[in-house]
Structure formats: C-alpha cells, structure tokens
Amino acid sequence: KILGCIYPEYEVMPIGSCEQVKLNTKGINGKETLFRRKAYGLVDNDYMQPAEIESLKKDKIFSIGFNEWENFLIQTEILSYVNTQHLKKDISNVKNDVITHIQKNGKQAILSDFITKRYTKMLYANKLSYNDKLSEQLDMINAKNKTAIIEEVEELSEEIEQNTDYDRLVSIVPAKMLLNIVAKGLGLSSGDDYVNLVIKYLKQDKFFNERVKQLLNISFT
C-alpha cells in the first residue's frame with residue numbers, strides 16, 4: 001500500500017518472501033518479450049552486506065536500506081510527522097521506550113535473529129565439490145564462518161548496548177516487535193493503526209509523500 005502511494009507509475013505486486021521476490025523478478029526479466037514488461041524487486045535489508053546489496057542491483061533487485069519495512073516507518077522524521085498531524089504526544093518518551101526495549105527485553109531475540117539470517121547466508125555463499133577432500137572443505141568453511149559470525153554478533157551486541165541513537169538502533173534491528181510499542185506509545189491500538197495513518201497522509205499530503213520517497217531513496221532507473 002505504501003509503495004502504491006509513492007510510486008503510482010508502477011504496478012505494485014506483493015509476492016511473499018524475499019527469495020520469492022528475487023525469483024519472480026529474475027523470471028520476468030529473463031522473458032521480457034513474453035511478459036512485455038520489466039520487473040523491479042524490492043526486499044528488506046535483512047542484515048545483507050554491501051557486496052550482496054550491490055550484486056542484487058544487477059538483477060534489478062533493490063534493498064530498502066532498512067532491516068525491515070517497519071524500521072523505515074518508525075524512523076524519527078516519519079514518526080514526528082504522523083504525531084504532529086494527528087496525535088501530538090511526547091515522542092521522546094516513545095523513543096526512550098523503544099531504546100529500552102531494544103537494549104534489554106529484545107536484545108536476545110535480536111541477536112538470535114541476526115545469527116540465524118547471517119549464518120544461513122554465509123553457508124549459502126559457499127560452493128562445495130564432491131571429491132576426496134570434501135571433509136576438508138567442510139572443516140574450512142565451518143571454521144571460517146564460525147570466526148566471522150562470532151565477530152559480527154559481538155559487534156552488533158556491543159552497538160546495541162552502547163548506542164543510544166534512536167534512528168541508528170531502529171535501522172539495524174528487526175522492527176516488527178517495535179511497531180506496536182511505537183503505536184501504543186502514541187495512544188493507538190496497534191501497529192496497523194499507525195501504518196494506516198502513514199498511508200492516509202501519503203495520500204493527502206504530496207509534500208509528505210515526496211519526502212517519504214526521498215527517505216526511501218530507491219531509484220529503479
């Protein structure tokens with residue numbers, strides 16, 4: 001719904017998982033004469049590394065630059081606009097609640113999510129050959145990935161503990177759990193109510209619409 005508001009010149013089609021988006025985008029563009037259209041894919045960042053993001057662009061698949069859509073929607077500029085237009089709460093309290101949740105209640109779940117997604121991608125990036133050195137290949141891959149994942153998760157854990165910048169924290173952690181915290185802090189019943197307000201103002205305010213498009217910062221051309 002949000003993409004439909006800020007990119008009215010495109011037909012927006014929800015597909016499902018990020019992998020399904022990648023497969024469908026490549027499939028349509030691989031048979032452009034048959035489908036008579038081009039496809040552009042848009043996926044969550046999901047802890048992708050810069051090299052992964054650049055590689056996907058070659059297949060017309062783009063990352064939103066945030067871990068999840070929810071991260072994008074609750075960043076300060078969008079949050080402040082919605083609050084000013086409708087709710088007029090003290091958002092400093094809302095932001096403090098989010099930071100506290102990330103650093104305390106949500107930290108274990110965040111790091112577990114990170115480990116699962118990053119390690120899966122690490123394994124996927126390796127190619128194996130069936131030969132008499134298969135055991136050595138597996139040992140080498142496991143040793144390399146073990147070191148890398150431990151270093152990365154320790155860096156993320158340290159940043160979560162020490163960083164008090166709301167927008168930075170919100171940009172790097174899974175935000176589905178945070179959307180409801182933000183909504184309730186603003187006096188709304190659920191995250192869906194907050195999203196509906198964003199959509200409402202995207203339709204009503206062309207300046208807000210253009211600003212959200214700039215913040216998303218995706219150029220399909």
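Predicted model: local features only at pLDDT ≥ 70, side-chain atom pairs only at ≥ 80, totals over all residues.
User: Hi! What's the chain made of in terms of helices and strands?
Analyst: Hi! The chain has 13 helices and 2 strands. Its C-alpha atoms fill a box of roughly 65 × 50 × 25 Å along the principal axes, and buried residues make up 42% of the 221 residues.

User: How many salt bridges are there?
Analyst: The count comes to 12. One of them joins the side chains of E152 and R118, at 2.9 Å from N to O. E152 lies in helix α9 and R118 in helix α8, so the pair ties together parts that are 34 residues apart in sequence.

User: Is that pair buried or exposed?
Analyst: Both E152 and R118 are buried. R118 counts as buried because its relative accessibility is 5%, and the cut-off is under 20%.

User: And what about R37 and E11?
Analyst: Their side chains meet in a salt bridge at 3.0 Å, N to O. R37 sits in the loop between α3 and β1, and E11 in the loop between α1 and α2, so this pair links parts 26 residues apart in sequence. R37 is partly exposed at 42%, while E11 is exposed at 59%.

User: Which residues are linked with D113 in a network?
Analyst: D46 and K117 are linked with D113 by salt bridges. D113 and K117 both lie in helix α8, 4 residues apart, about one turn of the helix, and their side chains meet at 3.3 Å.

User: Switching topic: which residues form the negative surface patch?
Analyst: E151, E154, E155 and E158 do. E151 is in helix α9, residues 134–162, and counts as partly exposed at 45% relative accessibility.

Terms used: Residues numbered from 1 in each chain as written. Heavy atoms only, no water. Patch = residues over 30% accessible without salt bridge, like charges linked within 9 Å, V, L, I, M, F, W, Y side chains within 5 Å. Areas by Shrake-Rupley, 256 points an atom, 1.4 Å probe, with all protein chains shown as cover. Salt bridge = Lys/Arg side-chain N within 4 Å of Asp/Glu carboxyl O. Lys, Arg positive; Asp, Glu negative; His and termini not counted. Charge placed at Lys NZ, Arg CZ, Asp CG, Glu CD. Buried < 20%, exposed > 50% of the residue type's maximum accessible area, 1.4 Å probe, protein only.
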